[in-house]
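Here's a quick tour of a protein fold, written for someone who likes to check the geometry as they go. Have a look at the chain first, then we'll walk through it.

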Amino acid sequence: MTKHAIDHYAGGEPAFFFNFPNQRSRPGYLKLGWQIVGDRKTYYRIQNPSVFFRDARRGKRIRSRFLDFATPFVRRLHGLNRSRTGRFRTNGPSDGSGTPTAHSVTRYSGVETSILTELYRATPPDVVHALRDETFYRWRFSSPAWERETYVARERGDGVAAIVVRTRTTSNGVTVTQLADVVPLVESESRSRAVARLLDRIVREYAGSDLISVTQGDLPDELLREFGFISDAVPPLSWMSDFDCRLVALPLNCENWSLGDKRLSQRSNWHISFGERDTA
């Protein structure tokens, strides 16, 4: 199917293909001329560690003194870590008179396409990414498998940042919440303060989820660590699975693996969130 797709689009408008094959399907892509661009990393906030200890035969959680201790311990640890760090203030800068300007946060049911599009268009990034317009948002976040909300941070009434949050419960009974998209895509001091305020609100309101996840690059790594998120590229999460997805690309109508002045083979030239990733 991949070979037929390449043949079909080779003479058309698309400049390149990209995908996220795992270690089983990746050799086929490489044989067809695709190249590995880089890792696809995810940060997780584990709020209920017992989801990793399920009895597959009976579909029941393993009960032990360790698990009875683990969940409240993890929750206390999240709170302790948050109180001891805090480089990202949830209040804004001084207004000049010494008074801090706070961000207000509004939560909307569903995906607020117009707000998200406006925030994206204000500062689009100079890297390879999905064009975020209203058509994209309506299409990309329409799966009935998820429930979605949009959180918007404003300063003096003006939108500064927004996060699309989606949640579903898997067939194994695990409640998963994803920070599916964060706009603007370009980092700035005002964005950092706003997303810190949004993240603080989100982790409190989704405390009942077993896991909260976000792709690396959507939020500052230091902010994620401050809120108790752990990368799946390092222990202990890297010990729990041998699943290995990589970003791969194949140029069609661009010369020397370049799109403008951006090399497709260089990972830093890409912005990859759940919006770009092939998830439902």
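**The chain overall**

Bear in mind that this is a predicted model. Of the 280 residues in the chain, 45% are buried. Take the contacts between residues at least 6 apart in sequence: 71% of them join residues at least 24 apart. As for the surface, the chain exposes about 14,900 Å², and carbon and sulfur atoms supply 50% of that area.

Seven strands make an open sheet with mixed pairing, in the order 8-9-10-11-12-3-13. Strand 8 (104-109) and strand 13 (230-231) each have a single partner strand, so one side of each is left without a neighbour in the sheet.

| Strand pair | Sense | Bridges |
|---|---|---|
| Strand 9 and strand 10 | antiparallel | 9 bridges |
| Strand 10 and strand 11 | antiparallel | 8 bridges |

**Two hairpins**

Strand 9 (residues 147-155) and strand 10 (residues 158-169) form a hairpin with 2 residues between them. R156 sits in that turn, with a positive phi of about 55 degrees, and E155 has D158 as its bridge partner.

Strand 10 also forms a hairpin with strand 11, this one with 5 residues between the strands. Here G173 takes the positive phi, near 85 degrees. Along this pairing, R166 stands opposite Q178 in strand 11.

Helix 6 lies across strand 3, strand 8, strand 9, strand 10, strand 11 and strand 12 (211-215), at about 30 degrees to strand 10. How many of its 17 residues are buried? The count is 12, so to speak a mostly covered helix. Among the buried ones are R191, R193, D200 and R201, along with L198, L199, I202 and V203.

Why does the length of helix 6 (residues 189-205) make sense? At 1.5 Å a residue, its 17 residues should span 24 Å, and the end C-alpha atoms are 25 Å apart, which agrees.

Terms used:
Residues are numbered from 1 along each chain as its sequence is written. This is a predicted model: local features need pLDDT of at least 70, side-chain atom pairs count only at pLDDT 80 or more; totals for chains, interfaces and linings use all residues. Side-chain values use heavy atoms; hydrogens and water are left out. Two strands pair if DSSP finds at least two bridges between them. Helices (H or I, at least four residues) and strands (E, at least two) are DSSP runs, numbered from the N terminus. The expected span of a helix is 1.5 Å times one less than its number of residues. Buried means under 20% relative accessible area, exposed over 50%, partly exposed in between (1.4 Å probe, protein chains only). Contact means heavy atoms within 4.5 Å. Axes are lines fitted to C-alpha atoms, for helices over the stretch in contact, and angles run from 0 to 180 degrees between N-to-C directions. Accessible areas come from the Shrake-Rupley method with a 1.4 Å probe; for residues, only the protein chains shown count as cover.
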